[in-house]
Amino acid sequence: QVQLVESGGGLVQPGGSLRLSCAASGSIISINDMGWYRQAPGKQRELVATITSSGRSNSADSVKGRFTISRDNAKNTVYLQMNSLKPEDTAVYYCNALISTTSRILQPYWGQGTQVTVSS
């Protein structure tokens, strides 16, 4: 059993910052890629940023220069530092990780989601 637990969402004014965290726990052998996705009301879930186990990252054009993804492999945790937030960043943010468990099966896991609201 694997759990991804997110934290750090909330309400922030335009131009503000938030830091999301996502910790993986359970019968984990290894974690490959980790990432953040978001889903705004009435829209499809979209990729925000991903990071490999070696630290190579990729992000959507809409957040480049504002959001930074990082991870702490010792803590099985991925972070998303969000700066210069805009109202269009408002969404539920989901953590995703590709995890190999004691069953030796590599598969994706999702967190429960954390709400980020950018509004004055």
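**Strand β9 and its partners**

Q: How do β4 and β9 pair, and over how many bridges?
A: Strand β4 (residues 28-39) pairs with β9 in the antiparallel sense, over 9 bridges. Pairing needs at least two DSSP bridges between the strands. Strands are DSSP runs of E, at least two residues, numbered from the N terminus.

Q: What sort of model is this?
A: A predicted one, where local features need pLDDT of at least 70, side-chain atom pairs count only at pLDDT 80 or more, and totals for chains, interfaces and linings use all residues. Residues are numbered from 1 along each chain as its sequence is written, and side-chain values use heavy atoms, with hydrogens and water left out.

Q: Which residue in β9 is the bridge partner of Trp 36?
A: Cys 95.

Q: What about β10?
A: Strand β10 (residues 106-110) runs antiparallel to β9, with 5 bridges. Ile 99 has Gln 107 in β10 as its bridge partner. The β9-β10 hairpin has 4 residues between the strands, and Arg 104 there takes a positive phi near 65 degrees.

Q: And β11?
A: Strand β11 (residues 114-118) is antiparallel to β9 too, through 3 bridges. Tyr 93 stands opposite Thr 114 in β11.

Q: Why is β9 called largely enclosed?
A: Because 9 of its 11 residues (91-101) are buried. Buried means under 20% relative accessible area, with a 1.4 Å probe and protein chains only.

Q: New topic. How much of the protein is buried?
A: 42% of the 120 residues.

Q: How many helices and strands?
A: 0 helices and 11 strands.

Q: What box do the C-alpha atoms fill?
A: Roughly 45 × 25 × 25 Å, along the principal axes.

Definitions and conventions: Buried means under 20% relative accessible area, exposed over 50%, partly exposed in between (1.4 Å probe, protein chains only).
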